[in-house]
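Thank you all for coming; I would like to take a few minutes to walk through one structure with you. Please have a look at it first, and then we will go through some of its details together.

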Amino acid sequence: GDVFQAGTFSGHPVTMAAGLETLEYAAENDVYEHVNDLGRQLRGGLQAVVADQAPEYTVVGTDSLFKVVFTRGGDAQSGACTDGCSQDPSCDRFESCPKTGGDVGRGAVDRWNRVFRPQMLDRGVLLSQNQYESQFVSYAHTEEDVERTLDAYREAL
């Protein structure tokens with residue numbers, strides 16, 4: 001059609017068949033419900049850890065995505081943000097919550113890259129390589145994985 005899209009295997013029949021099978025499997029086996037539920041549990045737990053140990057940091061994410069952004073200058077998030085920052089203008093922290101890549105960049109990105117990420121790796125939790133990318137929960141993860149991840153965050157923060 002009129003849209004250009006490029007990629008190594010984009011549109012290849014085997015890739016397309018595998019993608020379709022994956023989507024059908026996910027729909028038939030409550031994959032989205034599973035990963036989104038674990039994501040909510042993880043963000044809620046992270047919010048508690050952050051409120052206790054690093055109240056200036058911000059928990060963000062939705063569905064199966066999560067991240068702790070090393071923001072600066074905020075207080076503990078209000079009850080409106082117990083599932084991660086909702087970017088609600090009526091929230092007390094709205095002005096300090098990250099909304100753009102620039103907001104993330106004004107945080108303690110170097111500390112995250114240099115100190116925090118290696119500590120998490122030492123505890124068996126692999127995070128994305130920088131503060132600008134999200135973490136993801138997969139279908140293979142369990143509630144026990146969420147608890148181990150929260151324990152690692154408690155120790156590393």
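**Salt bridges and a sheet**

Let me begin with Asp145 and Arg148, whose side chains meet in a salt bridge, at 2.2 Å from N to O; please keep in mind that this is a predicted model. Both residues lie in helix H5, three residues apart, which is about one turn of the helix. Are they buried or exposed? Asp145 counts as buried, because its relative accessibility of 17% is under the 20% cut-off, whereas Arg148, at 51%, counts as exposed.

A search of the whole structure finds five salt bridges, and another of them joins Arg114 and Asp110, at 3.0 Å from N to O.

Arg123 is partly exposed at 34% relative accessibility, and Glu155 is exposed at 53%.

Let me turn now to the sheet, which is open and is formed by three strands in the order S1-S2-S3 with antiparallel pairing. Strands S1 (58–60) and S3 (135–136) stand at the edges, each with a single partner strand, so one side of each has no neighbour in the sheet. Helix H2, residues 31–53, packs on the sheet and touches S1 and S2, its direction making about 10° with that of S2.

Notes: Residues are numbered from 1 along each chain as its sequence is written. This is a predicted model: local features need pLDDT of at least 70, side-chain atom pairs count only at pLDDT 80 or more; totals for chains, interfaces and linings use all residues. Side-chain values use heavy atoms; hydrogens and water are left out. Two strands pair if DSSP finds at least two bridges between them. Helices (H or I, at least four residues) and strands (E, at least two) are DSSP runs, numbered from the N terminus. Contact means heavy atoms within 4.5 Å. Axes are lines fitted to C-alpha atoms, for helices over the stretch in contact, and angles run from 0 to 180 degrees between N-to-C directions. A salt bridge is a side-chain nitrogen of Lys or Arg within 4 Å of a carboxyl oxygen of Asp or Glu. Buried means under 20% relative accessible area, exposed over 50%, partly exposed in between (1.4 Å probe, protein chains only).
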